[in-house]
Amino acid sequence: MKTLDHQADVRFLQDEEGGLLIVSSGSWRVAALNKVAPLLENQSRKLRNQSLRWDVSRISSIDSAGIVFFRHYLEQLQAQGCKVEVVGASPEQQKLYRMVASYISASPEAQEKLQPGFLHPLNRLGELAMAFLRDINAFLSFVGENFVVLILLLLQPWKFRYRAIIRNIQDAGAGALPIVTLTSFLIGVVIAYQGAVQLQKFGANIFVVDMIAISVTRELAPLITAIVVAGRTGSSYTAQIGVMKITQEIDAMRIMGFEPHRFLVLPRVIAVMIALPLMIFFADIVGIIGGMLVANLHLNISFAEFIHRLQNVLEVKHVWIGIAKGPFFAWLIAMSGCFRGFQVSRNTESIGRYTTISVVNAIFLVIACDALFSVLLTELGI
């Protein structure tokens, strides 16, 4: 016989067989559960590896909140090794339980406790692998959208935002020249010093020109310049687009019929692809000047002798190979920065997170692309 009490209640008793019996009664609705919550919380934590029965026949009424409440402690007891037999459930209660259970899954805490400890690293590895695959899929979709917009603009070139491209060239190119100058000069100095120490042992001081000329123009200037641009320009693209997403400017653009790829992505990508090769050529000159100064001061190689040797050993193909890497590096940097900007969620913390991710991604992609170039050009004998 069901009780007519409106207050929820639960009691822990000993049954006839000496086991533990949980008796629930009253109205298990959202407004009446405050009394049983502390009692169930305290008692359920003490029960481990026991067999018990849970009698719900005296519950007068129950809603979805009561079912979720009951399900939570049932799963907690099962996770602690208890064998729980539920008795006295009415057809209506069973139907409501099945309906609620179909919309909620077992709590992550219960699942984690049931899993052996040695599976946790494997689970984490699987989660990282799936996140990586989702990132690749999202990036390829982003690239595809950008490519479609580019094709449409090439068919209607008057719709290109030329002023935005020029402004971004100034920001990404001219604005980065001071740090590129300093970095390239120091790279030339370091290469010259390190080479001089070894070449002096063999009396081959003049060959420091060969080392500086080829290494700077073919590999170091493109790579270092691209890394500087990735840290400076790529991060700014992520932050700019991320702030626009937080302030809902991108949503407003879509509502007004403006394509974000045309107005935000393409001008930035094209600008960096134009600016980076020019910056690499500038970095070549500055890096060679830095090496020439060290060669003059440390190895007593005159400027005229350095330039004469440079003309003999530096083939034009090395300069062009370094410059040709620029558009590829620039595309990776700009696309990575814009892609992560569109992934920013609606809170300021995600701006810092995705800005960091975009810089790391861009630097990794640049180094990987440079390694691919090195292998490919070596195999082709260039």
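This note comments on selected features of a predicted model.

1. Helix packing. Helix α8 (residues 208–246) packs with helix α11 (residues 303–313) at an angle of about 55°, and the two axes are 9 Å apart. The angle makes α8 oblique to α11, and the crossing is right-handed. On the α8 side the contact is made by Val209, Asp210, Ile212, Ala213 and Ile214, and on the α11 side by Phe306, Arg309, Leu310 and Val313. These residues comprise 7 nonpolar, no polar and 2 charged.

2. Salt bridges. The whole structure contains 6 salt bridges. One of them joins Arg71 and Glu75, at 3.1 Å from N to O. These residues are 4 apart in helix α2 (residues 64–79), and therefore separated by about one helical turn; both are buried.

3. Asp135 and Arg340. The closest N and O atoms of this salt bridge are 3.2 Å apart. Asp135 belongs to helix α5 (residues 120–155) and Arg340 to helix α12, so the pair ties together parts that are 205 residues apart in sequence. Asp135 is partly exposed, at 27% relative accessible area, whereas Arg340 is buried, at 8%.

4. Lys325 and Glu219. A salt bridge with closest N and O atoms 3.1 Å apart joins Lys325 to Glu219. It links helix α12 with helix α8 across 106 residues. Lys325 is buried, with a relative accessible area of 1%, while Glu219 is partly exposed, at 23%. Together with Asp370, both residues form a network of salt bridges.

5. Val344. This residue lies in the loop between α12 (316–342) and α13 (348–380) and is buried, with a relative accessible area of 1%. Beyond four places in sequence, Val344 contacts Gly242, Lys245, Ile246, Ser350, Ile351 and Tyr354. The C-alpha atoms of Val344 and Lys245 are 7.1 Å apart, although 99 residues separate the two in sequence.

Technical notes
Residues numbered from 1 in each chain as written. Predicted model: local features only at pLDDT ≥ 70, side-chain atom pairs only at ≥ 80, totals over all residues. Heavy atoms only, no water. Helix = DSSP H or I, 4+ residues; strand = E, 2+ residues; numbered from the N terminus. Buried < 20%, exposed > 50% of the residue type's maximum accessible area, 1.4 Å probe, protein only. Contact = heavy atoms within 4.5 Å. Axes fitted to C-alpha atoms, helices over the stretch in contact; angles between N-to-C directions. Parallel < 35°, antiparallel > 145°, perpendicular 65-115°, else oblique. Left-handed = near helix turned anticlockwise from the far one by under 90°. Nonpolar A, V, L, I, M, F, W, Y, C, P; charged D, E, K, R; others polar. Salt bridge = Lys/Arg side-chain N within 4 Å of Asp/Glu carboxyl O.
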